[in-house]
Amino acid sequence: MTEKPTLRNLTAPSYGKPQETQNKFLKSLGEPHVASFNYFLKEGLQQAINNLTPAQFKIGERHVKLSFKSAYLLPPAVPSGTPGIRSPLIYPTECRQRGSTYSGSLHVVIDWTIDNQPQPSQDYAIGHIPIMIKSKSCYLADMEPSQLINRKEHADEWGGYFVIKGHEKLIRMLLITRRNYPIAVKRSSWKGRGVLFSDLGIMMRCVREDHTSINNVLHFVTDGTARLMISHRRTLYYTPIMLILRCLTDASDEAVFKTIMAGYEDDLYFKGSVLSMLRSLHQQNIHTQEEAKQYLGKIFRIRFMELPTWSSDEEICDFILNNCVCIHVDDYTDKFHCLIVMLQKLFSVVQEKSSIEGADAVMMQELLLGGHLYLQVLKDRLQSWLFVVKAMIQKREQPGFVLTREELNLAVKKAGLVEQTMNNFLATGNVKTSSGLGLMQDKGLTIVAENINRMRYMSHFRAVHRGSFFQEMRTTEARQLLPDAWGFICPVHTPDGAPCGLLNHLTKHCQVTEPTEPEILHRLPEVLVSLGLQPLGSDSGVPAAACYITMLDGRLVGRVPHHSAIRFVHKLRTLKIQGEKVPNTLEIAFVKEGGNQFPGLFLFSGPARMVRPVYNLAARQIELVGTFEQVYLDICITQKEAHPDITTHQELSKDSFLSNLACLIPMPDCNQSPRNMYQCQMGKQTMGTPCHTWDIQSETKLYRLQTPATPLFRPLHYDKVALDDFAMGTNAIVAVISYTGYDMEDAMIINKASFERGFAHGSILKSEFVDLKSTSSYFGLDPARPDLVKHLGPDGLPAPGTVLGEKVPYYCFYNALEARYKVGIYSGQDPIIVDNVRLCGSLPGFSDVPARACITFRVPRNPSVGDKFASRAGQKGICSHKWPAEDLPFTESGLVPDIVFNPHGFPSRMTIAMMIECMAGKSAAIHGLVHDASPFQFTEDDTAIDYFGKLLQAGGYNYYGTERMYSGVDGREMTASIFFGVVHYQRLRHMVSDKWQVRSKGPMDVLTRQPIKGRRRGGGVRFGEMERDALISHGASFLLQDRLFNCSDKFTSLICRTCGLLLGPLVSSTPRAGHIVKLATCRICGKNGKIEEITIPYIFKFLVAQLASVNIKLQVNLSPS
């Protein structure tokens, strides 16, 4: 039987008690982030260390080499030996409350040799770097819910973020190009990369095991040749592909030619181009592999400054081949075959035998996870740090200088720490690197994990962004929702406006792959051979033209004959489902011959790919499929849609294409599409219950709904994510009636009696840190201010519960630097309440860190006219009036509505789900149960209206949900039947108290002398061109003059009537008869000038002065009067 939502939380004796294990779905929200950081801790950091370039240089005549041997990260802890502490362990809640960073000490072990003689390795601590919550270096990693609660965390804490200066920071998941797959791309900008360059190319994003990535592009040149783009330190170079191939192999030209032409022997154009490229190489006197390496190394020697000066040309060439060409494979033979596949695909696309593959399609994309990006930023910083150590040693070089351990220690000390780079990266989201990390952006990489409510917080961890680079592009290609995104990217959950289509969210069943076990991956080629794969170099008698190439993670492993390819894929898929010999996350993309795409069998086992579970009809088991392989599968929604011998898979549920938040919308299939998009956004702006640890919160701003309720009409997913624990809405009795005229244009009337009973009451919690200026400063009362005793305690801080009004002191401390007391005065106009006060001391032994206090205020925010509300169907509106209950209409049973909703809000918005909810909520209240609002459970034959209408009839109410109502003014029965029921309403965080702005006098801009903008600074409301046009059209010229002149920058200036210049008059002071007389004369006209006063906008005089600075004279013609 299908599970249904219930009201068990009201009666279950275990409600409110922590579960033995965490909620699996909530735990999965942070898993991709945590897993990527655990990879960084377990093996990624060491892999990155191994791939760093050593620093080699000379000290006198001796060769010195510095390199990293290993690195490790310690968990957050107080330094050993620190006196006066109970436990050395530091937990995240302490950092949140103190406004500090949750970080651990990073240590590196440096190997150094002098003239190839190894010296003792040295261990150095090079700074504290942030640690991800719930990762293996975090003490919360393996805790049970009850243990998490004891540590002041939530029972379902899923981690995946960093605590930076008290704020929760999350590294965005970015959608980037699929790794290690050659993609056919057409870009008009490529024509500008060189003479005869075309707009066609094969792009491959090559990614190493440690997630270092570079882009290689094989460009087609219109003379029939091809050039390979390689990059180093953000500089692009274009090299003939045949030169690179010659550097990779010492085989004869005939062997190279046959390898390239394998399977394409009948392609005369391709054959002629390859022969031409081979001939051009000999024309440059490059005949052997050694000559090609010397030629390439000689050209690039000046560009690779990190290599020692004594490196040979061949060594420089090897460095280029290892670090700039197909870096995802190490063996030169694998690089050779990989480039040949790219060359074959390029000429197939050029001759229109294969189609262009868009890099913006989800099938050609994967994710860049937080831990992987964190590793790349740290790797880049460690590389630069090593070269800074080298520079520090060279700076101390002088005659007779000998590099000793003490000198190395001094150089390391002067090289600085790496923590500032990592803290800035996470705090600002900006990264500055020499290599660019293979990204198209260096800003907006991190976000604050805002905890406005539970929906908002959950959505951050499933959000994927295309990149801020695409937000500035005028094309809409990157924003389009393509069919291949089905089941991976939610079509509903994306914001409207600038980030529309760029900021998306993963579906609720979408998973992110983790690294495959090395043993399984190492044996995978053997398994493929056992299934019928023909490895490279084997002679099976089947020509290459009758085979599909097979690539495993960008490495050509062999070929599969056409006649056995389908059987091969079926066997491989069966082993994949079993998950023993083949990883269950293996992506099997089988592109058949005769289609538009370049044919072949492409296997992917790497991490950070999007996969989702579907039901394999043949194996009758659940299988994980990827974005690329899904395109070539036939997946049905229900069993009725399955076609024999065609359909291969079936969806697990009808709503598997929706995101976590979209599944919380009641019956989204009965709404107009934009309304579902609006609800996804408004659900994240709702006041609710963002946390349970109110007493220890130090967040800048938190919204709290005082009287939340559980909805009576909700999807099953609501209970799966345990949203009752963080309730965020109120059940309201709604009458759909046009009443009083205060409900026009989406406005709604609230029952004043309901408001007084606590309907949608809320509050805002704000925290403020008060930092002492030095360690000698302290909190205390000023002896010269006895009036402070009324408001502050002996410690100079207010007591919890204190009500602060305007100009009331709320803290006092002694500033030792200025040798005086400083008192903080509350400058707000609305009264607020001190919720709690915490004094955060520094760690013992850290005498250079001054103490700080955290004061949390509570601001009551009950609904007022102008506050925003919304139903869960995207029907947003503002409270226009609090109507007395005695004047509102009432039903026969005496029920008075909490909200009066205008019926004109339904026809154009087509939010049928809200009408269904009104009936369902009413029947649920009558029968004492909860109805399931999951989508796609009703059909046109079995409608929701009929189902809930019959339930209403069973309860003695009208089938259509209407009731006869009586006027609250005169008591007469209304002639129309009124739609009346229960709807779950959300109170949004947009309140008039936060947005009202009015000013008569206030601060002015120093330059223009006009009112400044900004509500916080006491600025004015902008009166722009449209407002000016409106007043002109009304003929309100005096009002226009008042707004733009009298209340703005009215200024009295002197003007010479003779020459008409504003800059001519000059005021001079002359002593006369014992007092000073000011006389105005014109510098141009002298005594002939006639000086008068004139009132003008000051900005006009400023313009005149600006024009004069560029030698333009502006004269004013005055009327004779």
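Proline 120 is exposed, with a relative accessible area of 54% (exposed means over 50%, buried under 20%, and partly exposed in between, with a 1.4 Å probe and protein chains only). Proline 120 sits in the loop between strand E4 (117-118) and strand E5 (122-130); helices (H or I, at least four residues) and strands (E, at least two) are DSSP runs, numbered from the N terminus. Isoleucine 110 is 10 residues away from proline 120 along the chain, and their C-alpha atoms are separated by 9.0 Å.

A word on the model itself comes next. This is a predicted model, in which local features need pLDDT of at least 70 and side-chain atom pairs count only at pLDDT 80 or more, while totals for chains, interfaces and linings use all residues. Residues are numbered from 1 along each chain as its sequence is written, and side-chain values use heavy atoms, with hydrogens and water left out.

Setting aside neighbours within four places in sequence, lysine 136 is in contact (heavy atoms within 4.5 Å) with Asn38, Leu41, Ala141 and Asp142.

Two residues have a backbone angle worth a look. Lysine 165 has a positive phi of about 50° although it is not a glycine. Its place is the loop between strand E6 (162-164) and strand E7 (167-171), and lysine 165 is exposed at 58% relative accessible area. Leucine 196 is not a glycine either, yet has a positive phi of about 70°. Leucine 196 belongs to the loop between strand E9 (183-186) and strand E10 (197-207), and with a relative accessible area of 45% leucine 196 is partly exposed.

Other residues are hidden from the surface. Asparagine 423, found in helix H13 (residues 419-428), counts as buried at 18% relative accessibility. Not counting residues up to four places away in sequence, asparagine 423 touches Thr101, Pro130 and Ile164. Leucine 804, in strand E34 (residues 803-804), is buried with a relative accessible area of 0%. Beyond its neighbours within four places in sequence, leucine 804 is in contact with Pro809, Tyr810, Tyr826, Asp830, Pro831, Ile832, Val834 and Phe857. Leucine 804 and isoleucine 833 are 29 residues apart in sequence, with 6.1 Å between their C-alpha atoms.

Now for the protein as a whole. Of its 1121 residues, 52% count as buried, and there are 27 helices and 50 strands. The C-alpha atoms fill a box of roughly 100 × 100 × 80 Å, taken along the principal axes. Among contacts between residues at least 6 apart in sequence, 69% join residues at least 24 apart.

The protein is divided into domain 1 (24-175 + 368-506), domain 2 (180-358), domain 3 (511-650), domain 4 (711-761 + 865-988), domain 5 (764-830 + 843-861) and domain 6 (1025-1110), with bounds that come from an automatic or database domain assignment. Between the C-alpha centres of domain 3 and domain 4 there are 52 Å.

Over residues 178-367 the chain is 40% helix and 21% strand, with end C-alpha atoms 8 Å apart. For residues 1019-1117 the figures are 32% helix, 30% strand and 35 Å between the end C-alpha atoms. The feature "domain: DNA-directed RNA polymerase I subunit RPA2", again from UniProt (unreviewed entry), is placed at residues 557-612. Residues 557-612 are 25% helix and 32% strand, and the end C-alpha atoms of that stretch are 26 Å apart.

Terms used: UniProt positions renumbered as here; feature names shortened; annotations may be inferred.
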